[in-house]
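Dear colleague,

I am handing over the structure below, and my notes on it follow directly after it. Please read them with the coordinates open beside you.

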Amino acid sequence: MDSLSYKTISAKASTVTKEWVVIDATNEVLGRLASQVAKILRGKNKPSYTPHVDCGDYVIVINAEKVKLTGKKMTDKVYTRHTGYPGGQRFATPADYLAKKPTFLIEKAVKGMLPKTRLGEHLLTNLKVYAGPEHPHAAQTPKTIKLNEIK
């Protein structure tokens, strides 16, 4: 019997194999899409998942402007920000952001589902979101996956 067969293997940054994945956001619900993207970024869909190591894949999300929200969230949900000046509170709806910056909705939703640590900030750099169907990462030969195929 191998003496190391019973020990848990912990992944290290040098031993992790990272892949590129393309997800099409057309007609996908924002929260369900973001939770699956966060799972892939974190590496929780791999058997070698280690909480303190970036063992997830690079994720490319295309067609971000075609994402859906359920119910009346497109007009009733409000994103609040502050300019830093007195009376500088600003409000915007998802419909406003889809018109101005369609990638913001997915980036913000995924960011909220990642850890609020240095690792979480680093994981967010592995996310690439594009409004249209084209992306400049063809050289990495990403594989296209469907959301319902993710375990």
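**Surface and overall build**

The protein chain has an accessible surface of about 9,600 Å², and 54% of that surface belongs to carbon and sulfur atoms; accessible areas come from the Shrake-Rupley method with a 1.4 Å probe, and for residues only the protein chains shown count as cover. Please bear in mind that this is a predicted model, in which local features need pLDDT of at least 70 and side-chain atom pairs count only at pLDDT 80 or more, while totals for chains, interfaces and linings use all residues. Residues are numbered from 1 along each chain as its sequence is written, and side-chain values use heavy atoms, with hydrogens and water left out.

The secondary structure comes to five helices and six strands, where helices (H or I, at least four residues) and strands (E, at least two) are DSSP runs numbered from the N terminus. Read along the sequence, these elements follow the pattern β-α-β-α-β-β-α-α-α-β-β, and the C-alpha trace spans about 65 × 35 × 30 Å along its principal axes.

Of the 151 residues of the protein chain, 38% count as buried, a term that means under 20% relative accessible area, with exposed meaning over 50% and partly exposed lying in between (1.4 Å probe, protein chains only). Among contacts (heavy atoms within 4.5 Å) between residues at least 6 apart in sequence, 68% join residues at least 24 apart.

**Charges and salt bridges**

The protein chain carries 25 positive and 13 negative side chains, and the centres of the two sets lie 7 Å apart. In this count Lys and Arg are positive and Asp and Glu negative, with His and the chain ends not counted, and the place of a charge is taken as NZ of Lys, CZ of Arg, CG of Asp or CD of Glu.

Side chains of opposite charge can pair when their charged atoms come close. The structure holds three salt bridges, each defined as a side-chain nitrogen of Lys or Arg within 4 Å of a carboxyl oxygen of Asp or Glu.

One of them joins the side chains of K18 and D54, at 3.0 Å from N to O. This pair links distant parts of the chain, 36 residues apart, with K18 in the segment before β1 (20-24) and D54 in the loop between α1 (30-42) and β2. K18 is partly exposed at 28% relative accessibility, whereas D54 is buried, with a relative accessible area of 14%.

Another salt bridge is formed by the side chains of E19 and K143, at 3.5 Å from N to O, and it spans 124 residues, from E19 in the segment before β1 to K143 in strand β6. Both partners count as partly exposed, E19 at 39% relative accessibility and K143 at 44%.

In the salt bridge between K46 and D57, the closest N and O atoms are 2.8 Å apart; K46 and D57 are placed in the loop between α1 and β2, eleven residues apart. K46 is buried, with a relative accessible area of 19%, and D57 is likewise buried, with a value of 5%.

Elsewhere on the surface, K73, K77, K108 and K111 gather in a patch of positive charge. Patches are made of residues with over 30% relative accessible area and no salt bridge, like charges being joined within 9 Å and nonpolar side chains (Val, Leu, Ile, Met, Phe, Trp, Tyr) within 5 Å. Among the four, K108 is found in helix α4 (residues 103-113) and is partly exposed, with a relative accessible area of 41%.

**Backbone details**

Most residues other than glycine have a negative phi, and most peptide bonds are trans. N63, although not a glycine, has a positive phi of about 60°; N63 sits in the loop between β2 (58-62) and α2 (73-76) and is buried, with a relative accessible area of 5%. T141 also has a positive phi, near 45°, but T141 lies in the loop between β5 (127-129) and β6 (143-144) and counts as exposed at 63% relative accessibility.

Lastly, G120 is found in helix α5 (residues 118-124) and is buried, with a relative accessible area of 5%. Leaving aside neighbours within four places in sequence, G120 is in contact with L114 and P115.
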